[in-house]
Amino acid sequence: MTDNTTGLWVKEIKIDLDGCTGCKSCMRACFVDVIRWDEESRRPVVAYPEDCVWCLACECACPEQVIEVVPEIPAPLRSSY
Amino acid sequence: MKTLETLGEVITTDVLVVGGGIGGLVAAVKAKEENPGLDVLIAEKQTTGWAGKATKIGGFLAFLKPGDDPDTFIDFQVRSCGFYLNDQRTLTKYVHHTNEAVQQFADWGARLAKTPDGALLSFPAFWAPGFSMTLIDIDLMRPIRARARKLGTRFLDKIHVVDLLTDGDRIAGAVGFDIVTGRFYILKAKATILANGSCGYKVRRFWVSGTGDGVAAAFRVGAEMRNAEFGNLYGHTVFQDTDSGMVGCEHLVNSAGENLKQKYLPGAGPAGVFLPIQLAIGMQREVVEGRGPIRFAPPPSEEVAHKPPVELPKLEEWMRRIQERERQYGLPSEAQREIGAPLHGETSCVKVDQDMRTTLEGLWAIGDASYAGSAVAGAMPSPPGISPGSGVMYAVISAAWAGPSAARYAAEAGPPEVDGRGVETLKQEVFAPLQREGGVQPVEAISALQDVAAPMKYNLRRSKDRLEEGLARIEAVKERLPELQAQDLHYLSKCHEVRSMTLCAELTFRAALMRTESRGFHFREDYPETDDANWLKWVILRRAGGRAGGGAAGQAGDHGGDIELSTESIPIGEYTVRPK
């Protein structure tokens, strides 16, 4: 198994803005402030992907199902040994 | 002197709840139900009703079903989980409120597991006698958020509450900042309830929100801490490459194929999903002595049970997504996957009484802010070591006690006076990391903290030498806190999380160094025996000299001050369960 060298939990967070209605559900669902709101475009923006832990709450909350989170595996999980 | 209004947005309320997870929501609802005339405000770092840990994995609720035997359960909980460090009065009160709490979820409209004929599905707890379990769906906060809103609770989201305000010896609210706009908030309150969780040092992915902000803020204003040494939960065995799986304890093998449960817990019965301390220490020993990595090797007939046994649609959908993602992007199925036992931490040491009052007037602490500090768990981290289903339950039950207690206090108390000079100092401290050019980035400090908090050699397989080595490393992080630099408001929030986590780590390590015996999840290689003659005591920590002056929590550069340690004898003679 190769180690995680990026220190990150995810590779990418994809939001298909063409299908997004701007309901803010994803932003509310995020418990670590990854997704912010862009007042100009009235759409969510992935502001801090480095803090995403692929809990997938945003995906589950999206009524249009336009979000996909791509995890980084192996994870940067600190070893206890 | 500047007036408060020139320093920031001043909001006055009767009851301030810090944290909008499950505990904070229930505390707000219960305060409003106690006294609808009171103003109740929830300040939450993210979004009220979605925040915290209750929606992450979740599922189990452990409770005393009618017909269960409370005495048998309490006897087991004290002898085999808490090892006599429980406050047995609070534990007994807790146990007798569990059934009511499950009913309350049903009344609010949360989705509980049902039998085919519509009754509550329950089954005997597999980890303890005299107790039962049921399941709840992961959208459990939604109806409670709706209830809180209907009762007129105000929500203030995206506010990171940093420090508590004082008026003489009384807590007078809190200060914080909006992580989006940067606006400074001065929240004046007659009563304040801390409901913002424990500290997990951002090691495990579903627990990254737990940074001990409430624990640290309470300590800085002089609140006492209890059972801080039990902030060292290594609760599950999981696949190290994904931090998921929860593979249990039965089928772990070393590189030679030896079964580790048989090796370290010979003759033990089924171990359930939680990791016993002897096995955790054994796993670390295997790896250190060159017999790693540890693998999961179930007999071909057994698969990891991922699917909940009942219909809970949100939980099922979430699990399906996680599994799909692991299949798509994870290691190939033939890969030899390492098993880890990552740190949960769960430093939750704010000392509280049976109504969740802290040792400071006007301040309550509930849920994971005070689980260890309430001594319901005893010599176990929260949720107490081998007691699945107690995290959400303790949060809602402690909230149901604190809400009405705080409401009654607020109805009688006068408005607090808050000194502008103290608030100005706090404001400077809050925003200081934004002013610095260069310095320590919060991610560096988090990494350095994890290097101390996560390894079992420091935090589980403890000894004087290694605890002192760990403390020296924590001190090194602490010395550099005044150099923390934030590139924006999101990272400013992280800087304050680092401050909180550093203090939580120090509290845990100092308490662990003082307890010169082994008990529960506190194992000292240099004191391997349990010492009932000398250690039926709680370790109490508080800030040396009480709180800082100035009418508020601290001066610029305040990172907690010195820690004063003492012990408090457990009134074991007054309790029902005593060492034989």
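Me: What order do the elements of chain A follow from the N terminus on?
Reply: They run β-α-β-β-α-β. That makes 2 helices and 4 strands. Helices (H or I, at least four residues) and strands (E, at least two) are DSSP runs, numbered from the N terminus.

Me: What kind of model is this, and how is it numbered?
Reply: This is a predicted model: local features need pLDDT of at least 70, side-chain atom pairs count only at pLDDT 80 or more, and totals for chains, interfaces and linings use all residues. Residues count from 1 along each chain as its sequence is written, chains are lettered from A and ligands numbered from 1 in the order in which they are written, and side-chain values use heavy atoms, with hydrogens and water left out.

Me: What share of chain A is buried?
Reply: Buried residues make up 52% of its 81 residues. The cut-offs are under 20% relative accessible area for buried, over 50% for exposed, and partly exposed in between (1.4 Å probe, protein chains only).

Me: What makes the phi of Met356(B) worth a look?
Reply: Its phi is near 70 degrees, a positive value in a residue other than glycine. Most residues other than glycine have a negative phi, and most peptide bonds are trans. Met356(B) lies in the loop between strand S14 (339-340) and strand S15 (363-365) of chain B. At 0% relative accessibility, Met356(B) counts as buried.

Me: Which peptide bond in chain A is cis, and where does its proline lie?
Reply: The bond from Ile73(A) to Pro74(A) is cis, with omega near 5 degrees. Pro74(A) is in the segment after strand S4 (67-71) of chain A. Chain B has a cis bond from Gly292(B) to Pro293(B), with omega near -10 degrees. Pro293(B) is in the loop between helix H8 (277-288) and strand S13 (295-296).

Me: Why is H2(B) called enclosed or open?
Reply: 11 of its 13 residues are buried, so H2(B) is largely enclosed by the rest of the structure. Among the buried ones are Ile22(B), Leu25(B) and Lys30(B).

Me: What makes a set of residues a nonpolar core?
Reply: They must be buried Ala, Val, Leu, Ile, Met, Phe, Trp, Tyr or Cys residues joined through side-chain atoms within 4.5 Å. The largest such core here has 226 residues. Phe105(B), Met225(B), Met283(B) and Leu507(B) have the most contacts inside it.

Me: What does Leu507(B) touch, leaving aside its neighbours within four places in sequence?
Reply: Its contacts include Val215(B), Phe219(B), Met225(B) and Ile563(B). Contact means heavy atoms within 4.5 Å.

Me: How many residues of chain B are in contact with chain A?
Reply: 54 residues of chain B are in contact with 33 of chain A. The two chains bury about 3800 Å² between them, 58% of it on carbon and sulfur atoms. Buried area is the accessible area (1.4 Å probe) that two parts lose on being put together, summed over both.
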